[in-house]
Amino acid sequence: HAMLRRQAAIKLLDVDKVNDASIQRFEREVQITCQLNHPNTIAIYDYGRTPEGVFYYAMEYLDGINLQTLVEKYGPQPEARVIHILLQICGSLYEAHTLGLVHRDIKPANIMLNRRGAEGDVVKVLDFGLVKAIDDAKQAGLTAANSLTGTPLYMAPESIQAPNSVDARSDLYAVGAVGYFLLTGHPVFEAENLVQLCQQHIDAVPVPPSQRTKQPISADIDTALLGCLEKLRTNRPQTARELAQ
């Protein structure tokens, strides 16, 4: 940042893909993320257009490691660290959910571990790009109508079957799937193709994480993660705060 002399990360709208709808969606992403000020949510500094008309926004620069890379490089993580990470994700999401916002794409690659003020393992939740205001019917069509948004490895059954019906509890399913991956080094379901994978989320019973790792896992975290992965939303934790507790 020229005036503040601090590093920033810039997100640019791909000029080849620009149309009115994509600019609208991009602007909305920025405006929504700007409303969030939880310490575990990435901070937006500014947005606008370059002299050439390219839409951009500037956010805090993170030099950490995302959770996907963490597990790929260092393997399954100890339970205490996983709980520490999940609590911070819940904090970020609870604020978003109380504003009526659903993230829709919680996955390991969208969550970064960073050092902040000499503190390690500070989580930042990134990329609210698929976020939408759940009480705003006019905006509901902004993620192309009836398109599958999100990442199938971490998607709740309702995200696959009725994408326009997702709510806060759909994000909590994904949090459970992320916790499962951190503890075991494996996604909840693995399949040869997208159709099989989606079908497993809809009707397959997950194997408890304790049965997919050699490290000891407490019954409590087994129960909590399997609770997040319930097929019916009414059987999951109802809020991110409830999950954190």
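**Briefing: the largest pocket and a helix pair**

The largest pocket holds about 310 Å³ of space. The model is predicted. Helix 3 gives the most to the lining of this pocket, and helix 3 also packs against helix 5 at an angle of about 165°. The points below take the pocket, then the helix pair.

**Largest pocket**

- The lining is made up of 16 residues.
- Nearest the centre of the pocket lie I221, A224, L243, A244 and Q245.
- At least two lining residues come from each of helix 3, helix 7 (219–228) and helix 8 (240–244).
- Helix 3 supplies five residues, the most given to the lining.
- Sorted by class, the lining has eleven nonpolar, two polar and three charged residues.

**Helix 3 and helix 5**

- Helix 3 covers residues 79–98 and helix 5 covers residues 168–184.
- The axes of helix 3 and helix 5 are 10 Å apart.
- Angles over 145 degrees count as roughly antiparallel, and the angle here is about 165°, so helix 3 and helix 5 are roughly antiparallel to each other.
- The crossing of these two helices is right-handed.

**Contact between the two helices**

- On the helix 3 side, the contact is made by E79, V82, I85, L86, I89, L93 and H97.
- On the helix 5 side, A168, D171, V175, G179, L182 and L183 make the contact.
- By class, the contact of helix 3 with helix 5 has nine nonpolar residues, along with two polar and two charged ones.

Note on methods. Residues are numbered from 1 along each chain as its sequence is written. This is a predicted model: local features need pLDDT of at least 70, side-chain atom pairs count only at pLDDT 80 or more; totals for chains, interfaces and linings use all residues. Side-chain values use heavy atoms; hydrogens and water are left out. Axes are lines fitted to C-alpha atoms, for helices over the stretch in contact, and angles run from 0 to 180 degrees between N-to-C directions. Helices (H or I, at least four residues) and strands (E, at least two) are DSSP runs, numbered from the N terminus. Angles under 35 degrees count as roughly parallel, over 145 as roughly antiparallel, 65 to 115 as roughly perpendicular and the rest as oblique. A crossing is left-handed if the near helix is turned anticlockwise from the far one by less than a right angle, and right-handed if clockwise. Contact means heavy atoms within 4.5 Å. Ala, Val, Leu, Ile, Met, Phe, Trp, Tyr, Cys and Pro count as nonpolar, Asp, Glu, Lys and Arg as charged, and the others, Gly among them, as polar. On a 1 Å grid over the protein atoms alone, a cavity is a set of points where a 1.4 Å probe fits but cannot get out, and a pocket is an open set with protein on both sides within 12 Å along at least five of seven lines; lining residues have an atom within 4 Å of a point. Grid points are joined across faces, edges and corners, and a volume is the space filled by probe spheres set on the points.
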